[in-house]
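Reader: Could you take me through one part of this model, the place where the two chains come together? I'd enjoy a close look.

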Amino acid sequence: MTEDAERPALSLSVRLVAGAMVWLGLMLAIGGGALALAFRETVEREFSHRLDAMLRGMIAATEIAPDGSVTLVRPLGDPRFEQVYSGWYWQLAEPSGRLVRSRSLWDAVIAPVDGGAELRTRRTVGPRDEALLVAERDLHFPGLDGPVHALIAGNTGEVQEGVRRFDLLLVSALGLLGAGLAVAILIQVRFGLRPLRAMAADLKAVRDGEQPRLSGHYPREVAPLARAMNDVLDKDAELIERARTHVGNLAHGLKTPLAVLSAEAESTPDVTVLRRQVQAMRSLIEHHLGRASAVAGAGRSLGVRVPVGEVAHSLAAILARVFVERNLSFTFAIPHTAWFRGHAEDLEEILGNLMENACKWAHSTVRVSAEDTGDGLVITVEDDGPGMTPEQAAEASRRGKRLDEMAPGWGLGLSIVSDLVELYGGNTAFGRSALGGLAVSVGFAHPRSG
Amino acid sequence: MRVLVVEDEPTLALRLQQMLETAGFAVDVAYDGEEGWHLGDTEPYDAVVLDLGLPRIDGVTILQRWREAGRTVPVLILTARSRWSEKIAGFNAGADDYVTKPFEMEEVIYRLRALIRRASGHSQPELACGPLRLDTNAGRVTLNGDPIQLTAHEFRILSYLIHHPGRIVSRTELMEHVYDRHFDSDSNTLEVLLGRIRRKVGAELIQTVRGQGYMLIKPEG
């Protein structure tokens, strides 16, 4: 076993929960970020609108004295302009360079920036290093030889404070929401996976022998799995039952020759009796062994198929070597489309026995042909020897099952073949070949698809 | 004819050895895969009886190793597994024939003789050389149709020569194919045995080629 196979794959719950959590976290973070950004932007825009309005108020209150000096005829409403270094300032710069400032600015100066008549805003720092948002524009008065630069600045600190409070609130709200959703996901996953846990418990009960198959009522998604599992269990039970029968039959079958042997051993052994009994035991073992090893292929193994031609050719190569003295020639009529739907070992067993039998009896030629009729595969092995009559062959194929009247080495192969074919749900037919000898045909119906 | 039996079941190995010796073979026995592989790799056997289920190295592997090393000795496989898929595996590894357990001793002997015959290029079970005839199936030699009585060693020598007629067989080659590895022999014994065979079949049939070995004369035509 590889290390990979030993370590169980990541559990379904972990997959589902981890996946949902990552997604949830990501979505909450993006949503929260967008909200915070939008809020900050709104607040800042509103702040700059306020400054803008204040600037307009200030401009309305600005007048030119007859001597050309600029004055603010009435104070701006906000008392913070009177408080020194409050963070709220205004400033008017005459063309001559003289400055008129709010009391709050005291003797500090906010450096004006040349711009024009349009309103603009910018950020800067105040006399106490506080962050300021400045709204400013140039004003033209008749009679003055230059523009008056009007400027108003507000402390953005209070805006930041608001944003921070909002962020805090947002994070805690989203956190709470996330936790709630996480709990919901956990519950959902546990609930959703409950049928699988039930199936595991069901399987454990099967393993412990408390019940023969899965009995639970399963949702649509896992019901096919349970059905497949049950099929496998049924098949297993059937195989075990069959194997048990075989072992029983074999053991019982062996008892008779053993009894004869032990009786012989007590008197003076008669070699012919010993030999006959040994042969009987041998045939019995071959017969049951053949069936037992064929059992593996008896279940229609889906998706397994073997090219008939390839197997027939390799068997012919071997048999040509074994029967080299006989100078046999093999002819084939096997289309490429002839596939045996089952295990290679079983086809090898069927064809091997048929071809070997044909070789034993043939004068000079053994012919192997196959045909896919559309709803089944028919394989025929013929020889040109005197061999068995079809009736004898049919009898021989049954003989494996009967211990009496057994001739050694005769038809044992045929009996194995007919057993195997039967296990595949096919049939074996014996006839006269056009070549002159025996023709054995084995037919298999294609499993219906779906 | 000298054969190697590789079989781990002692009783079966002993019976095989006895039967094969009775049938006129010189027999070496190996009881496990490693010994069997080594013997087959180093000694010039005429055939090998190889069990497939062996301790240490299994039969199929041994066979593959021999074939990869270019050993062409005919191999008869003994196997308890009678499925064709297993026979195919054996043949693919380089076997020449198979016998399924349980088997009849006569079957093994018959197949071995056929393998040896085929390996030396004879297709008929009866080998003839002038007035001499060797019936490989029966293990019997006749001269002008009359059976001749031969001891086991005499039979092996004559049988080897009849398998390779008209060819000079060196003294060493003859000894290697006539005696098993535990037989303590010297060339004088071989000389004596050849002398006896000559007396039985006629001295002119077996020629001594000075310094090279012996040759069974092949009649003209």
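How many residues of chain B are in contact with chain A, and how many residues of chain A do they meet?

Author: Happy to! This is a predicted model, where local features need pLDDT of at least 70 and side-chain atom pairs count only at pLDDT 80 or more, while totals for chains, interfaces and linings use all residues. Residues are numbered from 1 along each chain as its sequence is written, with chains lettered from A and ligands numbered from 1 in the order in which they are written.

In chain B, 11 residues are in contact (C-beta atoms, placed from the backbone, within 7 Å) with 16 residues of chain A. On chain B's side, the most comes from helix α4 (residues 84-93), which gives 4 residues; helices are DSSP runs of H or I, at least four residues, numbered from the N terminus. By type, chain B's side has 4 nonpolar, 3 polar and 4 charged residues; Ala, Val, Leu, Ile, Met, Phe, Trp, Tyr, Cys and Pro count as nonpolar, Asp, Glu, Lys and Arg as charged, and the others, Gly among them, as polar.

Neighbours within four places in sequence aside, B:V48 touches B:V3, B:L4, B:V6, B:G40, B:V73, B:V75 and B:L76.

Technical notes: Contact = placed C-beta atoms within 7 Å. Helix = DSSP H or I, 4+ residues; strand = E, 2+ residues; numbered from the N terminus.
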